[in-house]
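User: I am new to this structure. Please walk me through the terms used for it.

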Amino acid sequence: LSSPSGLTHESHKKDVEQVYLRCSEGSIEWMYPTGALIVNLRPNTSPASYKHLTVCIKPFKDSAGANIYLEKTGELKLLVRDGDRNPSKVYCFGYDQGGLFIEATPQQDISRKITGFQYELMSRGIASDLHTVSAPCRPCSDTEVLLAVCTSDFVIRGSIQDVTNQAEEQESVIHVGVNKLYRQKSKVFQLTGESGNWRGQIKTLLECGVKPGDGDFLFTGRMHFGEARLGCAPRFKDFQRMYKEAKDKGLNPCEIGPD
């Protein structure tokens, strides 16, 4: 977490301050913004790998007081306009497309303004999984399912208990009852107190039209800004079939117990 403050150079409204961030994910909060802020993302990886990285930012819901630009060799491209209110909007760009330039907008009272956002750096392959532009709701092929089992942040067998649609954010929240937990990167799926059952929530796009239904599914996906995002989710019986077929041919990319 980085928290620079504009009040430290209130008399120099044209000042440009530089911030260097070494972590692959985190957040930045600019209190009382004046002047401009250059955010330099310098992850602790080899510079040769930078070209394979995607940067995503998600502004805080109440972020205000500055415009956020993508800057490269002096050219600015507006990413987030001050005052935009889109609570679930995520902005992604290639690491080699430039850095972040945050410019304060004129304010009568800067003490009421805080500009902030979460950020994540990830490999381009993972980013394309999360933001498939062409067909975000299409079913996965057998090969994609088997690969998702090996590479996803979470893999569970479960059922859909309920679906809550969030029209403002254009998202659906899938309330999942877990029958078997194969893997999870973060503790999204947890034991509930009274029943002793594992439960959790997975988000997906509203346009995918997910509805509660009978039967078990194999849910896979990625963690993104602290939330579980749905990837491939075949019916469990279909996963059992494709897993067995691949195993019989020696083509399954990794081992996982299908039962």
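**Reading the terms**

Analyst: Of the 259 residues in the protein chain, 40% are buried. Buried means under 20% relative accessible area, exposed means over 50%, and partly exposed lies in between (1.4 Å probe, protein chains only). This is a predicted model, where local features need pLDDT of at least 70 and side-chain atom pairs count only at pLDDT 80 or more, while totals for chains, interfaces and linings use all residues. Residues are numbered from 1 along each chain as its sequence is written, and side-chain values use heavy atoms, with hydrogens and water left out.

User: How many helices and strands does the protein chain have?

Analyst: The protein chain has three helices and 15 strands. Both are DSSP runs numbered from the N terminus: helices are H or I with at least four residues, strands are E with at least two.

User: What makes C137 and C208 a disulfide?

Analyst: The cut-off is a pair of cysteine sulfur atoms within 2.5 Å. The sulfur atoms of C137 and C208 are 2.0 Å apart, so the pair qualifies. By this rule the count comes to four disulfides.

User: Why is the disulfide of C137 and C208 called left-handed?

Analyst: The torsion about its S-S bond is about -80°, so the disulfide is left-handed. The pair links distant parts of the chain, 71 residues apart. C137 sits in the loop between α1 (124–130) and α2, and C208 in the loop between β13 (198–205) and β14 (217–224).

User: Why do C137 and C208 count as partly exposed?

Analyst: C137 has 34% relative accessibility, so it counts as partly exposed. C208 has 23%, so it is partly exposed too.

User: How do you know that C140 is joined to C232?

Analyst: Their S to S distance is 2.1 Å, which therefore passes the disulfide rule. The torsion about the S-S bond is -90°, and this link is left-handed. C140 lies in the loop between α1 and α2, and C232 in the loop between β15 (227–230) and α3, so the pair ties together parts that are 92 residues apart in sequence.

User: Is C232 buried or exposed?

Analyst: C232 has 9% relative accessibility, so it counts as buried.

User: Which cysteine does C150 pair with?

Analyst: C150 pairs with C254, with S to S 2.1 Å. C150 lies in helix α2 and C254 in the segment after α3, 104 residues apart. The link has -100° about its S-S bond and is left-handed. C150 is partly exposed because its relative accessibility is 24%.

User: What pattern do the disulfides of the protein chain follow?

Analyst: The pattern is 1-2, 3-6, 4-7, 5-8, with bonded cysteines counted along the chain.

User: Why are α2 and α3 called roughly perpendicular?

Analyst: The axes of helix α2 (residues 142–151) and helix α3 (residues 236–248) cross at roughly 90° and come within 10 Å. Axes are lines fitted to C-alpha atoms over the stretch in contact, and angles run from 0 to 180 degrees between N-to-C directions. Angles under 35 degrees count as roughly parallel, over 145 as roughly antiparallel, 65 to 115 as roughly perpendicular and the rest as oblique. The two helices are therefore roughly perpendicular to each other.

User: Which residues meet where α2 contacts α3?

Analyst: D142, V145, L146 and V149 in α2 meet F239, R241, M242, Y243 and A246 in α3. Contact means heavy atoms within 4.5 Å.
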